[in-house]
Structures are given as C-alpha cells and as structure tokens.
Amino acid sequence: MAEYKRQNPGGKAPVAMPNMGPASMIPLEHALAGAIGARIRLQTTLPAQPMMEGTLFTACPITNLVAIAVSTSPNTPPIHHVLPISSIQNFTLISAPATPNGFATPPNTTPALSNVPTAALMARADAAVARLKEAASRKNKAVGKEAQDLFDGISRTLPIRWDGNNMIVMDSVIISAPYRGEDCKAGHGVQSQTLSRVRKVVDNERRKFADRERKVVVPAVPAIPAVHTGPRKGG
C-alpha cells in the first residue's frame, strides 16, 4: 500500500510507491488523479466522515472535488460521496486498478484517433452545395409572387426551369407571361399531347389559386353610425 499525506498548504505530498525508487514530492491533486479507479482509504477533516474507504470515481482539478464510491455491503449499490480535495488530510492506496500488464492505467492517456474520411466529407459538402444552388435557381426574383407560386406548383408535377422570365417545361414547352394556358408554346417537333398536358397543368394550378382566393374571408367593417347635424331643439 502507498500512503499520500498533505504536509503544507501547497498540497505537496510524499509519494511512497513500492518498488518505484525514492519518494518524490507531488501535489495531492495529481496523486488522486493517478489513482482514479483504485480502491483507497481517505482521512478527512470532515467531522461526519473522518475516514472513508471505497473506489475513487473521479478527481476534478477544475472544481477541486473528488468522488468516491463507498459500498456498505456486497449486495447493495455503492453510495457516491463528493468532497473537496482541501478536506483530505491523506489517503492510502489499497489496491490499484489492474490491467493486462499489471500496472495502473495512466490517468491522462490520449485515446487513439481514427482516420477522418475526407473524401466522403467532401462529397457530402459538394452535394449540399449543389442542392443549395438548385434551390436558388428555382427562385426568380424578377417575377411576381403569383408567377413564382405557379412555377412551384408545376414543379411538383413536371420538370421545369427558368429561362429569364420564361418557364421551360420538360425542355420542350415555353410558358411566357402572364403564364396562362394559352401562353404555352411548344417547340419545334414537340407532340401536341405534350403541349396539351402542360396547358392542363397550368389551368389546374390557376384554378387552385382562384379557389384559395374565394376561401379567404374578408373581415366585415362595422358601419359608422350617422351623425345628426340638424338644428337642436330649443336653439
């Protein structure tokens, strides 16, 4: 067993590790950090708990607190006690956490880092940029809200893109302002069925616009009471 004592306000303690050579002065906080996971016995200045024995759960150098898990019986879960490091007079290392090589696990061991899949990350970034560019290309700031709503409605059924202020549907039908069914013009060699289909979609979207406008309820404005302007009685 190794015993660590606080000898001065600076928190220096002599370390007496078996088979480790001469003792050296190290801060008590560092000694506790190196004993995480080990079974220890604490002697404290706390009147309610002058002596504690259990497994050191953690030792935090930022808050200067330690947590120790104390088991009252083998069949009950341990109780975790948190106390300030300044209240510890000394502690005894009863048993260190065993590892395959027989030594305690170093407290500040850096875990191995895995390789970052840069190619996959770049592909995801490029795909996200492409989606943003596509979304931006579908918004035409040069047209009104009704034209943009019509474009968005057609895009749910047919492939469509902007060419200036004209809508190009399926790369074969041009819809020019004011974007009605009769404003659809087919390109050279386009079948009449394609033009009819596009016109039908445009008319259906415009019919939806009209239905939504009819459903909008306009709040009634209360009538202003008439003001009597005739001569008053007796005057």
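Good morning. Residues are numbered from 1 along each chain as its sequence is written, and side-chain values use heavy atoms, with hydrogens and water left out. Because the model is predicted, local features need pLDDT of at least 70 and side-chain atom pairs count only at pLDDT 80 or more, while totals for chains, interfaces and linings use all residues.

I begin with the whole chain. It holds 4 helices and 12 strands; these are DSSP runs, H or I of at least four residues for helices and E of at least two for strands, numbered from the N terminus. Of the 235 residues, 25% count as buried, meaning under 20% relative accessible area with a 1.4 Å probe, protein chains only. Contact means heavy atoms within 4.5 Å. Among contacts between residues at least 6 apart in sequence, 37% join residues at least 24 apart.

Next, the strands. Strand 6, residues 65–70, is mostly covered, with 5 of its 6 residues buried. Strand 5, residues 51–60, pairs with strand 6 in the antiparallel sense over 5 bridges; two strands pair if DSSP finds at least two bridges between them. Here Ala59 stands opposite Val66. The hairpin of these two strands has 4 residues between them, and Asn64 takes a positive phi near 60° there. Strand 6 is also joined to strand 7, residues 79–84, by 6 bridges, and the two run antiparallel. In that pair, Ile68 stands opposite His81.

I turn to helix 3, residues 145–155. Its buried residues are Ala147, Gln148, Leu150, Phe151, Gly153 and Ile154. Their cover includes strand 9, strand 10, strand 11 and helix 4.

Two single residues remain. Thr44 is found in strand 4, residues 39–44, and counts as buried because its relative accessibility is 5%. Its side chain makes polar contacts, that is, pairs of N or O atoms within 3.5 Å; within protein, one must be able to donate a hydrogen and the other to accept it, and residues adjacent in sequence count only if both atoms are side-chain atoms. The side chain of Thr44 reaches the backbone nitrogen of Leu46 at 3.2 Å and the backbone oxygen of Gln49 at 2.4 Å.

Asp183 lies in the loop between strand 11 and strand 12. Is Asp183 buried or exposed? Asp183 counts as buried because its relative accessibility is 9%. A polar atom of the Asp183 side chain lies 3.2 Å from the backbone nitrogen of Tyr179. Thank you.

Note on methods:
Buried means under 20% relative accessible area, exposed over 50%, partly exposed in between (1.4 Å probe, protein chains only).
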